[in-house]
Amino acid sequence: MKPASRSFKENAVKALHDDGLQQALGKVRYGFVANRAKARANLPEFETLRDQARAIKEHTLAHLDVYLEEYEKKVVESGGHVHWAPSAADARDIILRLCQDAGAHTVTKGKSMVGEEIGINDHLEAAGIKAVETDLGEYLIQIRHEPPSHIIAPAIHLTKAQVEADFRDRHKDLPQDRILEEPAQLVAEARAVLREQFLAADVGITGANLLIAETGTSVIVTNEGNGDLTQCLPRMHIVIASIEKAVPTLEDACTILRVLARSATGQEFATYNTFSTGPKRPEDPDGPEEYHVVLLDNGRTEMLGGEFHDMLRCIRCGACMNHCPVYGAVGGHAYGWVYPGPMGSVLTPSLIGIDEAGHLPNASTFCGRCESVCPMRIPLPKMMRHWREREFEKGNMPAGFRLGLKLWAFAARRPRLYQTLMGLGMPVMAKLASKKRRFAWLPLAGGWTRHRDLPAPQGKTFQTLWREQNGRQ
Amino acid sequence: MSNSSQRSAVLDAIRLSLGVKEGEKSRETPARKRLERHPHNIVPERARRGAKASISLFNETLEGQGATVNRVKTLAAVPELVAAYLRSNNLPAEFRTGDDNLLAKIPWGKTPSLTRQQGRGQGSDAVTMSRAIAAAAETGTLFLTSGPDNPTTLNFLPDTHIALIRAGDILGSYEDAWNRLRDSYGERSLPRAVNLISGPSRTADIEQVIVMGAHGPRRFFVIIVG
Ligand code: SF4
């Protein structure tokens, strides 16, 4: 996908004016946040698990070459193949060649952020191979030719009315007078349509949340079961995963999985955690004949041991964006590429270059919530600062230095939007309002504050955090 | 580039970034030891309760996640329970299983209204049944292993999936369950697929509304025996 991160500012302003998007974002902000808080409260060991999960990843990264070689050895022992892809183009070529060798016409896909990163669907389609996304959210955006707007809920920006319109447009052979009002009806239709694709597919491509060196196992975490149908029905299963997904043992995988779902959707555990090791065994009545893993570098080895090393611990849970006031105001598409929110603001410049993504590290209010909820304790605000310092040294600092703050203030023009954002406990606003606890004026918010004062958001924790942030700056 | 040169390109880049010197074998030791010993990390208290408490936690958690859970004393009671469940959900009295030994021991013939077919899952299956080799009470999670006994397709293709587990196989933690698998499959070795299942298939991709039966089973019925 061609990045549109350069126009973050324009994208963001457009997003703030998009009523449909604001309606969709408004619905979702609280669900994830409240559910995570509940899951955390239900597990007294949660904070200790975070510490251990972090330590496991650090240990793995320090021995990444050893663990990847061990992982490879076990995959081969179980009858699978490992392919190494230094770049996105290498990964695309490897996957296309595998699909062509398999004589594939139709490929089903489980949800994979790395698949989005390398743009595998377009590459396969260009070669005449049909690639069908099977995760419901991914399917919804695929038929709209849109990128995901959230790493675990890719269609979070859509309303059911939009989905209905898309389905009527896309599924033309179904009766025109069918009722498609409720999510359950839409889900049932997608299930029926995609079931045919599952059964027809020649190759299934999935991502991997973890690669376990102990056993040569790839792990996917899903709720729908689409990833499982994707990988157990076709003749060939291809796993596409970036190298930092490695973990040493099954025990280590357990620790990370204990914090993953709780941080992501607030579930105690996802419905399906699937551990796959090699192709079907001689006695097995089902499963793929061939099992291939494509290990992608694409910039990771450069991050290793450097300023952005900590980002390699990311397990793609999405908590940082769920809790981010800027993401909450503008949604994921404004970020212009595959990875949105705070993790995207750090990762995207590493993957596509700071020239393309220079605005993103400014898309922050520096409230620190992302870091405080990140299960892997990644210092996201600090790394955004690193990027900005680099840019500053190069004399490239964009004019909108405090872009996130400005966006925020912009949102305050809109009472409803403001209410929602305030629910997130906006420290910047609290800071601005400091003594009076009311705003008489906000940058860019003249239209709204001309007529009345805005109540400033309260909440000790975040004001405290903000002070700490400020102290460190 | 060939696969082997791409392989060394990635591995060399890792070593360069980590500052690994040529022939520095000693740094591999902690990694190899970890793989060999697979030490436990912290295991939550809720996963370390006794057998009885584990079964009730398992039951409670799984039901909270949208599954139906029933317990019977003996295998002989299973056919009636299955027949009643299917009847109450207006489902056909027909289901498919793999070649699992324990499922084969169930006296299906005593309930002639039930038809049991065998084999891997089919796209047209309404109801299937598998046996879970172990379960972790901490999140109401069943461990199902692939193979002729319990083909993986049975877990995902039907509308209604029934899973049977012996009470004694309900353990506290995921780690306990993995150790159970290590006993059966050996160290550093797993069957093709291990499915950790904690409820029926679901999605919240449309406006965050939870809908059951996204692609996998709409209903998940768990029978504890013993
Ligand atoms: S940066 Fe942290 S919170 Fe954000 S997706 Fe990655 S692991 Fe989750």
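**Exercise 1. Describe how helix α12 of chain A and helix α7 of chain B pack in this predicted model.**

Step 1. Classify the angle. Angles over 145 degrees count as roughly antiparallel. Therefore α12(A) is roughly antiparallel to α7(B).

Step 2. The crossing of α12(A) past α7(B) is right-handed.

**Exercise 2. Which residues make this contact, and of what class are they?**

Step 1. Take the side of α12(A). It contributes A:L250, A:E251, A:C254 and A:R258.

Step 2. Take the side of α7(B). Here the residues are B:Y174, B:E175, B:W178, B:N179 and B:R182.

Step 3. Sort by class. The contact of α12(A) with α7(B) has 4 nonpolar, 4 charged and 1 polar residues.

**Exercise 3. Find the largest nonpolar core and follow one of its residues.**

Step 1. Size it. The largest nonpolar core has 128 residues. Its largest share, 8 residues, comes from α12(A).

Step 2. Follow B:F143. Leaving out residues up to four places away in sequence, B:F143 touches B:Y174, B:W178 and B:L181, among others.

Step 3. Look for another core. A second, separate core has 44 residues, including A:Y139, A:Y272, B:A135 and B:V211.

**Exercise 4. What percentage of the residues of chain A count as buried?**

Step 1. Count the chain. Chain A has 473 residues.

Step 2. Read the share. Of these, 66% count as buried.

Methods:
Residues numbered from 1 in each chain as written. Chains lettered and ligands numbered in written order. Predicted model: local features only at pLDDT ≥ 70, side-chain atom pairs only at ≥ 80, totals over all residues. Heavy atoms only, no water. Axes fitted to C-alpha atoms, helices over the stretch in contact; angles between N-to-C directions. Helix = DSSP H or I, 4+ residues; strand = E, 2+ residues; numbered from the N terminus. Parallel < 35°, antiparallel > 145°, perpendicular 65-115°, else oblique. Left-handed = near helix turned anticlockwise from the far one by under 90°. Contact = heavy atoms within 4.5 Å. Nonpolar A, V, L, I, M, F, W, Y, C, P; charged D, E, K, R; others polar. Core = buried A, V, L, I, M, F, W, Y, C linked by side-chain atoms within 4.5 Å. Buried < 20%, exposed > 50% of the residue type's maximum accessible area, 1.4 Å probe, protein only.
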